[in-house]
Amino acid sequence: MNAPGHTAPPLDVPWDDLVTAALIGTGRRGAPTAPRPGQDPALALLDAAALHTVRRRAAALPVAAGRRPEPAPPDPRPPLPEAARRRLALLLGERAGGGDRRRTAAPDLVELLPQWLTAANARGYRPPDALLPGLLDAARARTDLRPEALAFAGPRGRWLAGLNPQWAYALRSHPPGPGAASPVSPASSGPPDATGLDGLRRVWREGLFAERLAALTAVRRHDAAAGRELLAGTWATERAEDRQAFLGALRDGLSPDDEPFLEAALSDRGRSVRSLAAELLAVLPGSALTARMAARARTCVALDQGVVVVEAPHECDDGMRRDGISAKPPSGRGARSWWLSGIVEATPLSVWPDRLGVPGAAEAVALPVADGWRPDLHAAWCRAAVRQRDAAWARALLGPPTTPPAPEGSPGRDPARLLTVLPAAERADWVARFVAAHGLSDAFRPIGVCAVPWAEPLGRAVVDALEIARDTGGYPWSFSGVMGLAERCLDPDQADRLAVLAAPAGADDAPREDAAPPGAAGYWAEAFQRLAGTLRLRAVMRAELAG
C-alpha cells in the first residue's frame, strides 16, 4: 500500500514491461516506473504490478463513473412473514445450488417454488429486495415460473430487470403497464396520462426490441385503438420477425375495429405474419375471414341420407393461402386432409348444426362420417372448439369418460386440450371418472390440465389408482409423471392416508395372491413416504404464508 500523500504508480506502463523487468531484475534493467524518494526500485516495481493485477482482475480499464440509475420505485405491498422469507431463500438457494436431483424420500424443493409463488401472490406479499436477483434468475431459467415470479417481483423487480440484459425477458414476457414503475413507464395509477403516453411512444420510436414490445403491450392494454395505431405507424419498416411479435400484442382487446389492419396483414410478405393474422381473424366473431372459411366448409362437408359426406379440396388456391392455409402439408399428412382441416378449424362452430340438420353439437358429433373422414373431421372440430372456447362442442367431442382412450398419436379427439375449455369443477370430475375407469396409463395429460389443488374427487381417484397399481404388481417409476404431479397438486389433507400407504406391511400379515413382488413393495413405500412428506411440507408452507 502507498503511504498517505504518496503518488500511486502510473497506469500507462505496459504489463509486459513490468514482467520483463521482474525477470531480468531491476538491478540490471532498472524499474520501468520511477520509485518514490527513498523507495527501493524493486518495491516500486511490485507496487506497479499490484495495481495492474487489481485492474486485470476487475476485467475493465479504469473509466469515468457512469450515471447512477434512477431510484427503485416503492412497493406498497406488505412484506413476507419471517418464516416465509426464510422459506423463499431456501427454495431459491436449492434451485441455484442444483445438487442431487435423483428421486429420494425427501421432497423436491425446486418443484415447490411455483406453487409457493402462487400462494404468495394470492396473499399480496412483496419479496425481500435481497432475494430479487435470485428470483429473476429462477424465472430466467424456467419460463413456466415467469408469470407468477414477475407478478411477485413487482415494480422493484421490473426496475431491476431493466438494469441487467440477462433479465430482459421481464420486459417481454411481463411488460409493465402504465400503472407500474419500470424503465419503460413511470409510476402512476390508473390509465396513462398524456405524459405517460408520450414516454411510451418515445420508447416505441427509440427503444430496443424488448422495450418496444413492452411499450406497445402497455398502450394496447389501456387503449386498444392507440396501440393499433402505434403499430400501424411503423408497420412498413419493421422486420418480419418483429412484425409477428408486435402483431401478437393485438390479442389483448381484440375487436372488430382491428379487422381492417389484420386483413391487410394477410397480404404481408412474411409467412409467419400472415399465419398469425389469419389466426387472430379466425377467433374474431363475424370477421370476413370466418365467413370465407364457412363458405368453403359448406362446399366440403354435407349431410346425405343421415351420413356426413366429405369432399376435401383438390387444390390450395390463392385465396386459401391468403387466409392462412399452408399449401404444403407437414410430413406424413395428406394434402387434401391438411387443407380440409385448415378450413374446418377456422369455420365458426355455429355453422355446423344448420349445415348438418341437427339441433346442436352432441348430435353433430354423433353422426356417422363416410369414407374414413371421421378422424380428420373430428380432429378439426376439436381444434376449433379449443380456439373458439366452445364448451358445448368440447363436451360433445370428449364424450363420456368411460370411452376407451384413443391410441397415442392417432388423429381425432384430444381430451387434454378439450378439457381446458370446460369449467374447473367439471374438468376435475371428468378426469376423476376417467382415472377410475382406465387407471393412470393414459391419464397424465388430462390430469395435468386440472386446477390446483386437485378437487377432492380427483385427488381420491388418483390415490386409489396408485394403490391399485401397487397392489397389482406395478412399480412406482412407471407412474413417475403422475407422482410428480401429485406432489404439487394433491390437497395436503391427503397426507395422512398416504402415510398409511407408506407404512410397511406387518410381519403377521398374510400375503395376498395378487400382492406386489417383495422388492416393489419397498419402492412403493418410499414413493408414498416422499409424497406424504411433500404434502406435509406444503401444509407448513401454507401456514408460514398465513403468518
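In which helix is Ile 24 found? Ile 24 lies in helix H1, residues 15–24; helices (H or I, at least four residues) and strands (E, at least two) are DSSP runs, numbered from the N terminus.

Colleagues, this is a predicted model, in which local features need pLDDT of at least 70 and side-chain atom pairs count only at pLDDT 80 or more, while totals for chains, interfaces and linings use all residues. Residues are numbered from 1 along each chain as its sequence is written, and side-chain values use heavy atoms, with hydrogens and water left out.

Asp 376 counts as buried because its relative accessibility is 17%. Its side chain makes a polar contact of 2.7 Å with that of Ser 337; such a contact is a pair of N or O atoms within 3.5 Å, where within protein one must be able to donate a hydrogen and the other to accept it, and residues adjacent in sequence count only if both atoms are side-chain atoms. Beyond neighbours within four places in sequence, Asp 376 is in contact (heavy atoms within 4.5 Å) with Arg 333, Ser 337 and Ser 341.

Finally, the strands. E1 (residues 301–304) and E2 (residues 307–310) run antiparallel, joined by four bridges; pairing requires at least two bridges found by DSSP. Ala 302 stands opposite Val 309 in E2. Two residues lie between the strands of this hairpin, where Gln 305 adopts a positive phi near 55°.

Note on methods
Buried < 20%, exposed > 50% of the residue type's maximum accessible area, 1.4 Å probe, protein only.
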